[in-house]
Amino acid sequence: MKPSSIAPRPHRGDLLQVQSGPSVVPANPESILEKMGFRVSKQTGEHWIVTGADPLPEFHFYSRIELGRFTLNQATHYQEWLNWRHQHDITTPLSG
């Protein structure tokens, strides 16, 4: 296998794989994510917070391109994971 045919692995700073990729993304990723069962909250400027049925975990995106890349690349994976957690009543413990 040629090294060029191996997909690069995300580094720790880009676990959601949104910092690189296509610049052409869905026109309205918020609607797509909401139809998938995510909650999308627009913050100030170019900042969105995406959650599942529970308030945690939160996914933060800082541009429409990042939000669109998540929609294209990782949303289905996280949707399945969040649904599994919710069905098995696995909650994220809060420190404090």
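Modeller: F38, F59, F61, F70 and Y78 form one aromatic cluster. The model is predicted, so local features need pLDDT of at least 70 and side-chain atom pairs count only at pLDDT 80 or more, while totals for chains, interfaces and linings use all residues. Residues are numbered from 1 along each chain as its sequence is written, and side-chain values use heavy atoms, with hydrogens and water left out.

Colleague: What makes F59 and F70 an aromatic pair that is tilted?

Modeller: Rings of Phe, Tyr and Trp (its six-membered ring) pair if their centres lie within 6.5 Å; planes under 30 degrees apart count as stacked, over 60 as edge-to-face and the rest as tilted. The centres of F59 and F70 are 5.7 Å apart and their planes make 35 degrees, so the two rings pair and the pair is tilted. F59 belongs to strand 3 (residues 59-61) and F70 to helix 2 (residues 64-73), so this pair ties together parts that are 11 residues apart in sequence. Helices (H or I, at least four residues) and strands (E, at least two) are DSSP runs, numbered from the N terminus.

Colleague: How do you know that F70 and Y78 form a tilted pair?

Modeller: The centre-to-centre distance for F70 and Y78 is 6.0 Å, with 35 degrees between the planes.

Colleague: Why is F70 called buried?

Modeller: Buried means under 20% relative accessible area, exposed over 50% and partly exposed in between (1.4 Å probe, protein chains only). F70 has 0% relative accessibility and therefore counts as buried. Y78, with a relative accessible area of 15%, is buried as well.

Colleague: What makes the charged end of K42 sit over the ring of W48?

Modeller: A charge sits over a ring if NZ of Lys or CZ of Arg is within 6 Å of the ring centre and within 35 degrees of the ring normal. For K42 the distance from the centre of the W48 ring is 4.5 Å. K42 also stands opposite W48 in strand 2.

Colleague: How do you know that strand 1 and strand 2 pair?

Modeller: Two strands pair if DSSP finds at least two bridges between them. Strand 1 (residues 39-42) and strand 2 have 4 bridges in the antiparallel sense, so they pair.
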